[in-house]
Each structure stands twice: as C-alpha cells, then as structure tokens.
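Open the model and keep the sequence beside it. The walk below goes from the annotated domain to the sheet, then to the helices.

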Amino acid sequence: MTPLAPAAAPTQITELVHQAHRLASLGLSPGTSGNISVRVGSSLYLSATGSSMSTITEDDLAELSLDGEHLSGPRPTKEAPLHLAFYRKDPHTQAVVHLHSAHAVAASCLPPYSERSALPPITPYFVMRVGQTPLIPYAPPGSDEHAAQLDKRTFMFRAALLQNHGSIVAGHTIPQAAEAAIELETAAEVLLHLGAQNFTPLTDAQAHELAEHYRSCWDVEGSSAHQ
Ligand SMILES: [Zn+2]
C-alpha cells in the first residue's frame, strides 16, 4: 500500500515562501530585513521575528488573527502592526510585502512629491502596478505610530514609503504584492537616477486615467481613482 503523502502546505503558504525567496534573491531584503504576510481565511501568516526572507520556511511563520492576536507559531516580526493596517484598509488585501530595499529607502529620505504620493507618476507601470504611495513620517520600527499614520489617511492607496526606512506594499494576491514591491523599487531607482535634473513625470490627470483603467489608485484634486 502506498503511504499517504504528507499533508501539503496550503497553496498560499507555499506561494508566500516562494515569493520571499524570490525577493531575497533579487537583493531586496538585505540581512534579516523585510517581512511578508498572507491572509488565509480569518488568519494572517507573517514572518517570525529574526527570520530571513532568503531562508524562510513555513515553520518561520506566525499565525495571527486579523486583530493582531498571536494564535500559533513563533513570535511575529515587530512590524506586524504595519501589515495589519493594510489588511484593515482594504478587505480585498491578501498579501503584504515590507522591504528595506536600497532605492526605496533612499527615496523615502527625499521630500515627497505630494501629500498622496512620495514618488511622482514617473512611469505608467508605477501607476498601474503600485499607484499613489504616501510618505509616512519617521517613527521607530515596530512602534504603533506607523499604523496610526496609515489609518488616518482615508484616501485609497496600496503602498507606502516609510520615511528613512523602506517600502510596504499590499496586493490582492501574493504575486501581485511581490510585483508591486519590485515595481516600486524600480520607480525609486529611476527617480534617483534622475537626481536633481528637471524631468517630466506623467501629469496627475494622465496618471488618474491609467489608474481608472487598471484599477489602481491615483487621485487628482476633486476625484478618486477606482480602488
Ligand atoms: Zn522595516
């Protein structure tokens, strides 16, 4: 008789681990920085404190309730409140990626383009895959202040830059969150290449039209793009 195969990890957990390794292999999570989470039903699975994105396994995931209660597994990253804020903001959020990738960190040290986005609408792909990305003022890592700042921004967004710290991106799927994190890093890199030169971003109206079409988020005064 053929022995039973070991119980397979839920597909989303397997995908989460795969995307964590992929982001690490791209050099986007230096050291043990960065963390990643996925919602499965009414639970959140989140990187454990001290875990590395490059070597994470399903055993390195903490299970939390959507209220942040620790249900099982190792202790979660101290940056859990950041993740929870994105799940609160949009019930369609299935995954959140937080990185200390170099270009996003550098861009987070610059003055923001606007109240609603740290980066200008620099390419169509940034608008389509990431959308407006507010700059959240500096707070110590792990403090509740970041989550409070995210909660008080009532306009729609699926990504933010944390000042002097890094990026955080939500997605309706795990691959979508990972792709958006990569696109945000790329947009930050392009911006830094441009430096102090005069350059022409898309207009807010052009960005808004793209966001409407691709169901991203880019507001112009007096209107909101689709969520
Ligand atoms: Zn961080």
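**From domain to packing**

UniProt, in an unreviewed entry, lists residues 14–192 as "domain: Class II aldolase/adducin N-terminal". The model shown here is predicted. Across residues 14–192, the chain is 34% helix and 20% strand. The end C-alpha atoms of that stretch lie 34 Å apart.

Start with the sheet. Strands of a sheet pair through backbone hydrogen bonds, either parallel or antiparallel. Here, 8 strands form an open sheet with mixed pairing. Read across it, the order is β4-β3-β2-β1-β5-β8-β7-β6. The edges are held by β4 (70–72) and β6 (135–136). Each of these has a single partner strand, so one side of each is left without a neighbour in the sheet.

Now look inside the sheet, at β1 and β2. Strand β1 covers residues 35–40, and strand β2 covers residues 43–47. The two pair in the antiparallel sense, over 4 bridges.

Next, which strands does α1 lie across? They are β1, β2, β3 (61–65) and β5 (95–99). Relative to β1, helix α1 runs at about 165°.

Helix packing comes next. Two packed helices are described by the angle between their axes and the distance between the axes. Take α1 (residues 11–25) and α6 (residues 174–194). Their axes are 9 Å apart, and the helices pack at an angle of about 15°. Angles under 35 degrees count as roughly parallel, so α1 is roughly parallel to α6. The crossing of α1 and α6 is right-handed. On the α1 side, the contact is made by Q12, E15, L16, Q19, R22 and L23. On the α6 side, it is made by I174, P175, A178, E179 and I182. By class, this contact of α1 with α6 has 6 nonpolar, 2 polar and 3 charged residues.

The crossing of α2 past α5 is right-handed. From α2, the residues P81, L82, A85, F86 and R88 meet H146, A147, L150 and D151 of α5. The contact of α2 with α5 has 6 nonpolar, 1 polar and 2 charged residues.

Conventions. Residues are numbered from 1 along each chain as its sequence is written. This is a predicted model: local features need pLDDT of at least 70, side-chain atom pairs count only at pLDDT 80 or more; totals for chains, interfaces and linings use all residues. Side-chain values use heavy atoms; hydrogens and water are left out. Axes are lines fitted to C-alpha atoms, for helices over the stretch in contact, and angles run from 0 to 180 degrees between N-to-C directions. Angles under 35 degrees count as roughly parallel, over 145 as roughly antiparallel, 65 to 115 as roughly perpendicular and the rest as oblique. A crossing is left-handed if the near helix is turned anticlockwise from the far one by less than a right angle, and right-handed if clockwise. Contact means heavy atoms within 4.5 Å. Ala, Val, Leu, Ile, Met, Phe, Trp, Tyr, Cys and Pro count as nonpolar, Asp, Glu, Lys and Arg as charged, and the others, Gly among them, as polar. Two strands pair if DSSP finds at least two bridges between them. UniProt positions are given in the numbering used here, feature names are shortened, and annotations may be inferred rather than shown by experiment.
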